[in-house]
Amino acid sequence: MAILTRTWMLLMLLTAVSMWTGHGEGTGGPGPLGVGLVLAAANVKADRILTHYLDLHRADGGWRAGFRILLTLLGVALFGIYVLYPMIGAALR
Amino acid sequence: MTETAAPTTVVAADGEAADWGPLSSLPGNPMMWILILGELAAFGAMFIGFAVTRALDPATFNASQAQLDRLLGGVNTMVLVTSGWLVAVAVRRRVSGRSHRLAMLGAMVLGGVFLAIKAVEYGDKIGRGLTLETNSFFQLYYLLTGFHAMHVAAGIIILGIVTWWDSLENLETGAAFWHMVDLIWVLLYPIVYLLR
């Protein structure tokens, strides 16, 4: 199967997993594990788009590592803010 | 289908290959990568700002987010991801000398479907009195999704231009813009619609 089609199928699957994990009536959240899963799925999707659709696999390894580090830092920062929000909110008020 | 695209080299006016330093190893036009880095930084800062604002008032954010249609947002993600796949296929077909215009047309149509679904969402929210002035969640919701929708609209025009003037470099550059729009949305959707 062509890599582009495999990438598309993975993106669709991860989107469905995110929808299922983050879905729910009302304001009840997915919990820290769910937040981590949804953010990890988004990170993998972004990485696959960069690697196979934007053809980053053709660039120097430094660029690939740089984009991965950027996406990972963003994901870790968001995870930290969502999991530690009571402390962050109290500190900023 | 051929999966390895030939690297495109940007050629300067004097016929020499342009030297972009470290940017030279990136595929397509280096200017597009500068734009991609800038957009990632801008949206990344907005995502962090969204999360910090939520930390200050989680009850309002959770109650407001419950008003969004998570399923419709997910369907729109699938629409945009499929559109990105069609653009990637179009570039590969162009590299191997096959017709790519049908795939590009399909990608543009799906871009239009994304905007139509977004318009339905906005119409529903505004009809229920949920506007920019409702609270900080809806201010950020309209700012983030509206700014992204403007990129989608611009992207459809760019795809149309590079489908018509379809040198490989034009096509790769237009495709890179579209994939950037796709990339931003796959990060935006969980943050605005799912996480709470």
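View 1. Asp182(B) is buried but makes no salt bridge, and the nearest side chain of opposite charge, Lys45(A), sits 8.0 Å away. Here buried means under 20% relative accessible area, exposed means over 50%, and partly exposed is what falls in between (1.4 Å probe, protein chains only). A salt bridge needs a side-chain nitrogen of Lys or Arg within 4 Å of a carboxyl oxygen of Asp or Glu. For charge, Lys and Arg count as positive and Asp and Glu as negative, with His and the chain ends not counted. Asp182(B) belongs to helix α6 of chain B. Leaving out residues up to four places away in sequence, Asp182(B) touches Ile49(A), Leu80(B), Val81(B) and Gly84(B), where contact means heavy atoms within 4.5 Å.

A word on the model: it is predicted, so local features need pLDDT of at least 70 and side-chain atom pairs count only at pLDDT 80 or more, while totals for chains, interfaces and linings use all residues. Residues are numbered from 1 along each chain as its sequence is written, chains are lettered from A and ligands numbered from 1 in the order in which they are written, and side-chain values use heavy atoms, with hydrogens and water left out.

**View 2. Chain B on its own.** Chain B has six helices and zero strands, in the order α-α-α-α-α-α along the sequence. Helices (H or I, at least four residues) and strands (E, at least two) are DSSP runs, numbered from the N terminus. The C-alpha trace of chain B spans about 60 × 35 × 25 Å along its principal axes. Of its 196 residues, 53% count as buried. Take the contacts in chain B between residues at least 6 apart in sequence, and 76% of them join residues at least 24 apart.

**View 3. The face where chain B meets chain A.** Chain B puts 55 residues into the contact and chain A puts in 50. Together they bury about 4600 Å², 74% of it on carbon and sulfur atoms; buried area is the accessible area (1.4 Å probe) that two parts lose on being put together, summed over both. On the chain B side, Trp85(B), Leu195(B) and Arg196(B) lose the most area to chain A, together 15% of what that side buries. Seven residue pairs between the two chains are in polar contact, both residues at pLDDT 80 or more. A polar contact is a pair of N or O atoms within 3.5 Å; within protein, one must be able to donate a hydrogen and the other to accept it, and residues adjacent in sequence count only if both atoms are side-chain atoms. Helices α1 (30-56), α2 (58-65), α3 (70-95) and α6 (168-194) of chain B each supply at least two residues of the side that touches chain A. By class, that side has 37 nonpolar, 10 polar and eight charged residues. Ala, Val, Leu, Ile, Met, Phe, Trp, Tyr, Cys and Pro count as nonpolar, Asp, Glu, Lys and Arg as charged, and the others, Gly among them, as polar.

**View 4. Ile48(B) up against chain A.** Ile48(B) lies in helix α1 of chain B and is partly exposed at 24% relative accessibility. Setting aside neighbours within four places in sequence, Ile48(B) is in contact with Leu74(A), Ala77(A), Leu78(A) and Ile81(A).

**View 5. A salt bridge between the chains.** The rule finds two salt bridges across the interface of chain B and chain A. In one of them, the side chains of Glu172(B) and Arg58(A) meet at 3.5 Å, N to O. Glu172(B) lies in helix α6 of chain B and Arg58(A) in the loop between α2 and α3 of chain A, so the pair joins two chains. Glu172(B) counts as buried, at 8% relative accessibility.

**View 6. Salt bridges within each chain.** Over all chains, the structure holds nine salt bridges. In chain A, the side chains of Arg68(A) and Asp47(A) meet at 2.8 Å, N to O. Arg68(A) is in helix α3 (residues 61-83) and Asp47(A) in helix α2 (residues 31-53), so the pair ties together parts that are 21 residues apart in sequence. Arg68(A) is partly exposed at 38% relative accessible area, whereas Asp47(A) is buried at 12%. In chain B, Lys118(B) and Glu121(B) form a salt bridge at 3.0 Å, N to O. Both lie in helix α4 of chain B, three residues apart, about one turn of the helix, and both are buried. Elsewhere, salt bridges that share partners join Asp55(A), Arg58(A), Arg92(B) and Glu172(B) into one network.
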